[in-house]
Amino acid sequence: MKLTTHLPSTLSPQKATTHPFLAAAGKGLLPATTLSQWLSQDRLYAQAYVRFIGLLLSKMQLPVVPTASSSPSEPTTRAVGILIDAVVNIQRELQFFEEVAREYTLDLNCVPDSDPDPETETEAGGGKAKAKFGPAPITHAYIDMFMAAGSPAVSVLEGLVVLWATEVCYLRAWRYAASFLGEAGGRDADGGALRERFIPNWSSGEFEAFVEDIAQVVDVMGESADAEMVGRCERWWRQVVWLEERFWPEV
């Protein structure tokens with residue numbers, strides 16, 4: 001049984017990967033403010049992703065003495081290479097966020113409209129002060145999941161399942177958005193940031209190849225998983241899908 005085939009059969013990610021936000025993004029209908037709000041949270045997610053990958057790397061056990069089992073095709077060795085690539089990729093991604101934000105005048109410290117209290121009382125005088133930027137509740141939940149999935153009590157396989165789940169959902173979501181690229185007319189509401197820069201990047205063949213590399217390692221490591229371990233992986237998959245569906249803003 002391939003885990004990467006089995007897990008989506010237990011809960012479809014369709015709602016998470018075909019959200020109205022994505023269709024609007026592909027059609028060029030998202031205003032710059034809406035994009036800024038989402039992008040600001042996605043940047044915080046990416047920063048937590050770096051810590052998550054670091055936790056996974058700290059649990060990898062490579063052989064002290066070189067053997068045939070430490071060849072580049074060995075699952076643990078491949079997993080280490082993938083995790084290192086993930087750190088490099090996400091660092092490049094964070095720089096990409098800042099580059100595109102400058103180019104299209106996007107705000108990477110934008111407080112979401114969904115903030116339950118966008119204005120708070122000041123300490124002296126009872127006036128209103130703008131809320132301090134930080135993770136929204138769903139972003140907090142994602143960060144907490146990353147820290148839990150990287151904790152010592154969680155197996156490497158489970159951590160890699162979480163990594164694959166987040167990446168495959170992200171790829172499918174932006175591939176869905178890309179399917180609308182031919183439908184927009186006139187000037188994009190965000191100035192073109194999504195359709196000219198972000199969507200091509202997040203739906204690229206290079207990203208697909210990276211996701212497939214993770215899937216291959218998960219499937220090889222999952223071959224020896226017993227029923228209890230498979231059940232744990234299913235729970236992580238369901239949690240990721242639940243979070244992914246709610247990470248997109250309502251439009």
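Helices are DSSP runs of H or I with at least four residues, numbered from the N terminus. By that rule, Phe 198 and Trp 202 both lie in helix 8. They sit four residues apart, about one turn of the helix. An α-helix has 3.6 residues a turn, so residues three or four places apart point the same way.

The model is predicted: local features need pLDDT of at least 70, side-chain atom pairs count only at pLDDT 80 or more, and totals for chains, interfaces and linings use all residues. Residues are numbered from 1 along each chain as its sequence is written, and side-chain values use heavy atoms, without hydrogens and water.

Now the rings. Rings of Phe, Tyr and Trp (its six-membered ring) pair if their centres lie within 6.5 Å; planes under 30 degrees apart count as stacked, over 60 as edge-to-face and the rest as tilted. The count comes to 24 aromatic pairs. One of them joins Trp 164 and Trp 237, stacked at 5.4 Å centre to centre with 25 degrees between the planes. Trp 164 belongs to helix 7 and Trp 237 to helix 10, so this pair ties together parts that are 73 residues apart in sequence. Both Trp 164 and Trp 237 are buried, meaning under 20% relative accessible area with a 1.4 Å probe and protein chains only (exposed is over 50%, partly exposed in between).

Phe 198 and Trp 202 also stack, because their ring centres are 4.7 Å apart and their planes at 10 degrees. Phe 198 is buried at 0% relative accessibility. Trp 202 is buried too, at 2%. Ring pairs link both into a cluster whose members include Trp 38, Tyr 170, Trp 174 and Phe 207.

Next, the core. A nonpolar core is a set of buried Ala, Val, Leu, Ile, Met, Phe, Trp, Tyr and Cys residues joined through side-chain atoms within 4.5 Å. The largest one has 76 residues, and Trp 38, Trp 164, Trp 174 and Phe 198 have the most contacts inside it. Helix 7 gives the largest share of this core, 14 residues. Contact means heavy atoms within 4.5 Å. Leaving aside neighbours within four places in sequence, Trp 38 is in contact with residues including Phe 21, Trp 202 and Pro 249.

Helix 1 (residues 3-10) has Leu 3, Thr 4, His 6, Leu 7 and Pro 8 as its buried residues. These pack against helix 7, helix 9 and helix 10 (227-247).

How values were computed. Helices (H or I, at least four residues) and strands (E, at least two) are DSSP runs, numbered from the N terminus.
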